[in-house]
Amino acid sequence: MKSIDRARARRGEAILRLVVLFSVLGYLLLPMLAMFEFSTRGVGGQRTLAAWAEIGTNPDLLGAIILQLELSALTVLLALALLVPTMILVRLKRPRLNRVLEFICLLPLTVPAIVLVVGLGPVYGLVGRFISESPLTLTFIYVILVLPYNYRAIASGLDTLDLVTLSEAARVFGSSWSGVIWRIVVPNIRGALLAAALISVALVLGEFTISSLLSFETLQVIINEIGKRNASVAVSVSLAALCFAFMLLFILSFAGQRPEVREIAEKEE
């Protein structure tokens, strides 16, 4: 009887998992299928890929895509370079400041984007006048935007480690503090760092308000302008950006696994 009850319980869990899985897939895929259907509508009910072909031929759109990828890469690198050593050293040397650091990092969540632009607008005016008018300067404000999400992702990774024991062991064997951070701690929180990077890329790819108010022609600004003339092209670019984010998530889900986890998964298969 117990074995029958266990089998029924497992079957019920499997059915529940399938229901949840297909519900999530339907919630995500149905709008994307609708976007694809709209972007391929042609004259007279015919299907055409002209809107998708224009993605590779529109110079403004191509330039905006390249710019957005550059901003994503710079934002990820700068945010991680600032947060990772700071969070590790605070936890090791000044644990009492951990709450203060958390408050500072989560503070941007309480500040609306429009307020952030109003506050930083004069600063960007000076930056454009004396340093550079390049849209890449948006990296600094994007780092502020992704700060709360990156902090939580990295903190979740650090919470799984005994930092004090790892650092003391590394120091006993002659490692410097930089070695402790980049050779000992960072490899052990690789999954958390990849999650933080993915969140940063997703936020930068979808950001519109700040770049629009600061008069920078980023991808979302160009999509908005194109949508006023040709909605099919704007929808196709938006769908392509969503597919890119999902593909990146899929790749990072495998890249974040440790080698031993992959070996166990392969043996089970």
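UniProt positions are given in the numbering used here, with feature names shortened, and the annotations may be inferred rather than shown by experiment. The model is predicted, so that local features need pLDDT of at least 70 and side-chain atom pairs count only at pLDDT 80 or more, whereas totals for chains, interfaces and linings use all residues. Residues are numbered from 1 along each chain as its sequence is written, and side-chain values use heavy atoms, with hydrogens and water left out.

View 1. According to the unreviewed UniProt entry, the annotation "domain: ABC transmembrane type-1" covers residues 65-250. Under "transmembrane region", the unreviewed entry lists residues 14-36, 71-92, 104-124, 130-151, 192-214 and 234-255. Residues 14-36 are 100% helix and 0% strand, with end C-alpha atoms 32 Å apart; for residues 192-214 the end C-alpha atoms lie 32 Å apart, with 87% helix and 0% strand.

**View 2. Helix α6 and its kink.** Helix α6 (residues 138-158) has 21 residues and reaches 29 Å from its first C-alpha to its last, close to the 30 Å expected at 1.5 Å a residue, the expected span being 1.5 Å times one less than the number of residues. A kink of about 50 degrees lies at leucine 147, shortly before proline 148; the bend at a residue is the angle between axes fitted to the seven residues ending there and the seven starting there. Of the 21 residues of α6, 15 are buried, so the helix is largely enclosed by the rest of the structure (buried means under 20% relative accessible area, exposed over 50%, and partly exposed in between, with a 1.4 Å probe and protein chains only).

**View 3. Threonine 139 in α6.** Threonine 139 is placed in helix α6 and is buried, its relative accessible area being 5%. Residues up to four places away in sequence aside, threonine 139 touches Leu71, Leu74, Thr75 and Leu78, contact meaning heavy atoms within 4.5 Å.

**View 4. Leucine 92 in α3.** Leucine 92 lies in helix α3 (residues 59-93) and is buried, with a relative accessible area of 18%. Leucine 92 and valine 164 are 72 residues apart in sequence, while their C-alpha atoms are 6.4 Å apart in space. When neighbours within four places in sequence are left aside, leucine 92 is in contact with Leu163, Val164, Ser167 and Trp177.

**View 5. The aromatic pair.** A pair of aromatic rings is described by the distance of the centres and the angle of the planes. The structure holds one aromatic pair. The rings of phenylalanine 36 and tryptophan 52 have their centres 6.0 Å apart and their planes at 55 degrees, so the pair is tilted. Rings of Phe, Tyr and Trp (its six-membered ring) pair if their centres lie within 6.5 Å, with planes under 30 degrees apart counted as stacked, over 60 as edge-to-face and the rest as tilted. This pair links distant parts of the chain, with phenylalanine 36 in helix α1 (residues 2-39) and tryptophan 52 in helix α2 (residues 50-53), 16 residues apart. Phenylalanine 36 is partly exposed at a relative accessible area of 39%, and tryptophan 52 also counts as partly exposed, at 24% relative accessibility.

**View 6. Two loop residues.** Serine 215 is found in the loop between α10 (209-213) and α11 (219-229), where its phi is near 65 degrees, a positive value in a residue other than glycine. Serine 215 is exposed, with a relative accessible area of 63%. Asparagine 58, in the loop between α2 and α3, counts as buried at 11% relative accessibility.

View 7. The structure holds zero disulfides, a disulfide being a pair of cysteine sulfur atoms within 2.5 Å. Cysteine 105 counts as buried at 3% relative accessibility, whereas cysteine 243 is partly exposed, with a relative accessible area of 39%.

Conventions: Helices (H or I, at least four residues) and strands (E, at least two) are DSSP runs, numbered from the N terminus.
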